[in-house]
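Dear colleague,

Please find below the structure that I am handing over to you.

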Amino acid sequence: MAVGVAGTAAQAEWQDPNDVLQKLLEAQPDSKYLHQSEMNIMMMPDNPALWLLDDGERLFYEERGPNNASLESCDFGKGEGVLDGAYVELPRYFEDTGKVMDFEMRLVHCMKEIQGFTDDDSAVSQRHGSGSDIMRLTTYIAHQSSGYAWNPPLDHPKEKAMRDAGEVLFFRRGGAMDFNCAACHGSSGKQIRASVLPEMRNSQEWTKAVSWPAHRAGQDNVRSQNHRIRGCVWQMRHAGILPDTPVNTALISYWNDAARGEPAILPDLKR
C-alpha cells in the first residue's frame, strides 16, 4: 500500500485539487488507473465541477426554506459552520442524532432541522445532477477540504462498527451475477471495457477513486459518492440502496478509511 503523497503526517492544509492530482501522478508514474485519461488530466485546471462553487456558497449562506435560515449553524463535526477539513472526516458519530452520518445524510439533516425543508421539497429530494441544490452544496463544502488527508474518526464504537460493516459489504458476494466490490477493486489490472479500475489497497489510487464530488465527463454532470455507490450496485445487479440509509454510510466509511492519510481531490474530474 502506498503511503501519503504529502509525507507520513496527515495533510491539514488546503491544496488546489489540480496540485493534489499532479503530486499523485508524480508519485505513481506507472499507475494505469491514474494516468489513463490524458485529456481529463489536461482539463483538470478548468474542471467544470468548479463552476458549481459559487452557487454552492450562495446556497450555504442564503437564508431560505420555511425557517428562512442559512446553513451556518450546521455542524459537520468540527463545530457550527466550520467547513475546513470537515468533509474528509466523515462519516462520523453525531451526539445530536445518536448515529453515524455520512456527508450527504448530515447535509440533508441540517436542511430539514435548520431550514425546515421536508422530503417533498426539491431542495432535498433532488440528490443528483449539477443543477441540484444538494450537488451544488456538496461541491462547495467538499472543496473546503481539498488537499486534506482522509481521516474519518474511529474513536466511537459506532464509528468502528460502521466501518467494519462497510468492509463486510465490500467483500460480500451477491446478486444475480455473484459480484462484490472486490471483484473490480480487489487487485490491480482490472478493467471494465476501456476503463482501468482503481485497486482499493493502493491508497494513492484509492484516494482518487473516492474523491467525489467529481465531474463525470461521460455524463456531463457532477456526481457524489452516493451516486457512485448507486452506479456500482446497479452494475453488480444488487438490490438498489435508498438514500440516507446505513448501507450507504457503511460503504462510504470503509471507502474513506481505505484512503486514510492520502490527500483528497475535491472536486475531481473523472471519465
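A word on naming comes first: helices and strands are DSSP runs, of at least four residues (H or I) for a helix and at least two (E) for a strand, and they are numbered from the N terminus. Please also keep in mind that this is a predicted model.

**Residues with a positive phi**

As background, most residues other than glycine have a negative phi. Arginine 193 has a phi near 50°, a positive value in a residue that is not glycine. Arginine 193 sits in the loop between strand 3 (191-192) and strand 4. Is arginine 193 buried or exposed? Its relative accessibility is 75%, and a residue over 50% counts as exposed, so arginine 193 is exposed.

Aspartate 244 is another residue with a positive phi, about 60°, although it is not a glycine. The loop between helix 10 and helix 11 holds aspartate 244. With a relative accessible area of 27%, aspartate 244 is partly exposed.

**Cis peptide bonds**

Most peptide bonds are trans. A cis bond, however, runs from leucine 90 to proline 91, with omega near 0°. Proline 91 belongs to the loop between helix 3 and strand 1. Tryptophan 212 and proline 213 are also joined by a cis peptide bond, where omega is about 10°. Proline 213 is in the loop between helix 9 and strand 5.

**Cysteines**

How many disulfides does a search of the whole structure find? The search finds one. It is formed by cysteine 74 and cysteine 110, whose sulfur atoms are 2.0 Å apart. This pair links distant parts of the chain, 36 residues apart: cysteine 74 is in the loop between helix 3 (53-61) and strand 1 (92-94), and cysteine 110 is in helix 4 (residues 103-113). The link is right-handed, with 70° about the S-S bond. Cysteine 74 is buried, at a relative accessible area of 0%, and cysteine 110 also counts as buried, at 2% relative accessibility.

Cysteine 232 is accordingly in no disulfide. Cysteine 181 is buried, with a relative accessible area of 15%, and cysteine 232 is buried with 18%.

Which element gives the largest share of the lining? Helix 10 does, with six residues. Among the other elements that each supply at least two residues are helix 2 (38-43), helix 7 (157-171) and helix 11 (246-258). By type, the lining divides into 30 nonpolar, nine polar and eight charged residues.

The second largest pocket has a volume of about 160 Å³. It is lined by 13 residues, and Ser31, Lys32, Tyr33, Ser188 and Glu205 are the closest to its centre. Its lining comprises three nonpolar, six polar and four charged residues.

**Cavity**

Rolling a probe the size of a water molecule over the atoms shows where empty space is left. The structure holds one cavity of 30 Å³ or more. About 60 Å³ of space lies in the largest cavity. Its lining includes Tyr87, Phe103, Gln225 and Ile252, and helix 4 and helix 10 each contribute at least two residues to it. Three of the lining residues are nonpolar, four are polar and two are charged.

Three strands form an open sheet with mixed pairing, in the order 6-5-7. Strand 6 (221-223) and strand 7 are the edge strands, each pairing on one side only. From one strand to the next, the twist averages 35°. Strand 5 (residues 214-216) and strand 7 run parallel and are joined by three bridges. In one of these strands, strand 7, aspartate 268 is the bridge partner of alanine 214.

With kind regards

Terms used
Residues numbered from 1 in each chain as written. Predicted model: local features only at pLDDT ≥ 70, side-chain atom pairs only at ≥ 80, totals over all residues. Heavy atoms only, no water. Nonpolar A, V, L, I, M, F, W, Y, C, P; charged D, E, K, R; others polar. 1 Å grid on protein atoms, 1.4 Å probe; cavity = no way out; pocket = protein on both sides within 12 Å on 5 of 7 lines; lining within 4 Å. Points joined across faces, edges and corners; volume = space filled by probe spheres on them. Disulfide = S-S within 2.5 Å. Buried < 20%, exposed > 50% of the residue type's maximum accessible area, 1.4 Å probe, protein only. Pairing = 2+ DSSP bridges. Axes fitted to C-alpha atoms, helices over the stretch in contact; angles between N-to-C directions.
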